[in-house]
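Biologist: Morning! Could you open the model so that we can go through it together?

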Amino acid sequence: MSDPGGGGGDEYKREESVALLVIVSLAALSLLSLIAAFAYYCYITRKVSRRKQSLYDLPKRSGSPPPPPLRAPPPPQQQQGKESPSSNSASDGAGAVVVAGERGVQVFSYRQLHAATGGFGRAHMVGQGSFGAVYRGVLPDGRKVAVKLMDRPGKQGEEEFEMEVELLSRLRSPYLLGLIGHCSEGGHRLLVYEFMANGGLQEHLYPNRGSFGGISKLDWDTRMRIALQAAKGLEYLHERVNPPVIHRDFKSSNILLDKDFHARVSDFGLAKLGSDRAGGHVSTRVLGTQGYVAPEYALTGHLTTKSDVYSYGVVLLELLTGRVPVDMKRPPGEGVLVNWALPMLTDREKVVRILDPALEGQYSLKDAVQVAAIAAMCVQPEADYRPLMADVVQSLVPLVKNRSAQKACNPNVQASKPLD
Ligand SMILES: Nc1ncnc2c1ncn2[C@@H]1O[C@H](COP(=O)(O)OP(=O)(O)O)[C@@H](O)[C@H]1O
Ligand SMILES: [Mg+2]
């Protein structure tokens, strides 16, 4: 039926336009909510990526501005274009050119590491350090690892621990002990490293003191190679990463030896871990280890890379003399290695008097005098006059190469393949 007055048609039209208006408003509203949701998504993604980025920065120190992010050194001119951008490989030469690793470290559960180390049994324990016990373990894929079970977990916040792990995992050099993974579960803090079959250098330098009882002392060639490799490890920390990393606890027990007696420097991140604790209580880690600490650092707490150079000099003296840094059982005047050796290090006639008797006949006087001169420069009381680790590396390279061509091997020491 038709509407005689036409009023029904108007009403329909009105209803139609109201419906259209409602539909348009609804569509506009949904578009607006979509835009709002997208904007929020963008905001969250940026926030997350910024948070991730902050993990690559060095940890903040209370009272000081945050340091710039750790950067890998630029590849040297001759290497440019040769390496793929994603390469993690470390090429080596006199300058130890290393690209900081992008590889992440593995996260282990406490159960996994418990299983790998035979339940942290005594039979698996390979050492006891200032942060806790170290256990030998085998991962399900067959890799041998050393698991450091830290016994002071409460002293470091979870976040800071993660940041330290991040720092450790980004420092990659053939002369630094690689971090394989970590576990931070409940109150447990564990670090998983490559296993170094021959343990710490001190166990070989002082065979009667360590667990290596009957093993003979290291020969001259091996000692010089270890000195060079350890110097390259410190050189990397000081001069190849930005900002530089100061080890703070460089000593012979932090030079670990693999099955071929190749050396790697260890615990370069843990020194930081021990120092940034709330309350500012001074721990033994901050002060380093007796006999290795540079005088200016001990007196003023002022720490520079030159403090590490001093500690390196002490280790070089250990390698030369076969003596521990501090031994008060020795005759008067001989208890502190540096004080005893320093006056004789630069005297050609006297140098032979301080050399380890076990090295008899294995070195040329010329080489011994040169190594003694390097040690003397490293341990001098004035920090500014100590050399850079790059200078030490440069001075040692020819000495190691000269000697490795000759045969001056202690038959009791395992032969090692050259790395340098
Ligand atoms: N990666 C490793 N592989 C094999 N043995 C290790 C490893 N790390 C540490 N050790 C052994 O555990 C001992 C203690 O190590 P650590 O906890 O670093 O002591 P410190 O606090 O004196 O540096 C070392 O002297 C060494 O014998
Ligand atoms: Mg150590």
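Biologist: Is Arg-248 buried or exposed?

Modeller: Arg-248 is buried, because 24 other C-beta atoms lie within 10 Å. The cut-offs are 20 or more other C-beta atoms within 10 Å for buried, 12 or fewer for exposed and anything in between for partly exposed, with C-beta atoms placed from the backbone. One caution: this is a predicted model, so local features need pLDDT of at least 70 and side-chain atom pairs count only at pLDDT 80 or more, while totals for chains, interfaces and linings use all residues. Residues are numbered from 1 along each chain as its sequence is written, with chains lettered from A and ligands numbered from 1 in the order in which they are written.

Biologist: Thanks. And where is Arg-248?

Modeller: In the loop between helix 5 and strand 7. Helices (H or I, at least four residues) and strands (E, at least two) are DSSP runs, numbered from the N terminus. Arg-248 also has a positive phi of about 75°, although it is not a glycine.

Biologist: What else is in that loop between helix 5 and strand 7?

Modeller: Pro-243 is there too, with helix 5 covering 220–240 and strand 7 covering 255–257. The peptide bond from Asn-242 to Pro-243 is cis, and omega is near 0°. Most residues other than glycine have a negative phi, and most peptide bonds are trans.

Biologist: OK, which residue has a positive phi near 65° without being a glycine?

Modeller: That's Phe-261. You'll find Phe-261 in the loop between strand 7 and strand 8, the latter at 263–265. Phe-261 counts as buried because 24 other C-beta atoms are within 10 Å.

Biologist: Let's switch to the strands. How do strand 2 and strand 3 pair?

Modeller: In the antiparallel sense, over four bridges, between residues 125–129 of strand 2 and residues 132–138 of strand 3. Strands pair if DSSP finds at least two bridges between them. A hairpin with two residues takes you from strand 2 to strand 3, and Gly-127 sits opposite Val-134 in strand 3.

Biologist: And how many bridges link strand 3 to strand 4?

Modeller: Seven bridges, again in the antiparallel sense, with strand 4 at residues 144–150. Ala-133 has Leu-149 of strand 4 as its bridge partner. Five residues lie between strand 3 and strand 4 in their hairpin, and Gly-142 in the turn has a positive phi of about 95°.

Biologist: Which partner does Lys-148 have in strand 6?

Modeller: Leu-191. Strand 4 and strand 6 are antiparallel and share five bridges.

Biologist: Why is strand 6 described as largely enclosed?

Modeller: Because five of its seven residues (the strand is residues 188–194) are buried, strand 6 is largely enclosed by the rest of the structure. Strand 6 also pairs with strand 5 (residues 179–185) through six antiparallel bridges. There, Leu-179 stands opposite Tyr-193 of strand 6.

Biologist: What does Gly-186 do in the hairpin of strand 5 and strand 6?

Modeller: Gly-186 takes a positive phi near 55°, in a hairpin with two residues between the strands.

Biologist: Last one, then: which residues of helix 12 are buried?

Modeller: Ala-368, Val-371, Ala-372, Ile-374, Ala-375, Ala-376 and Cys-378.
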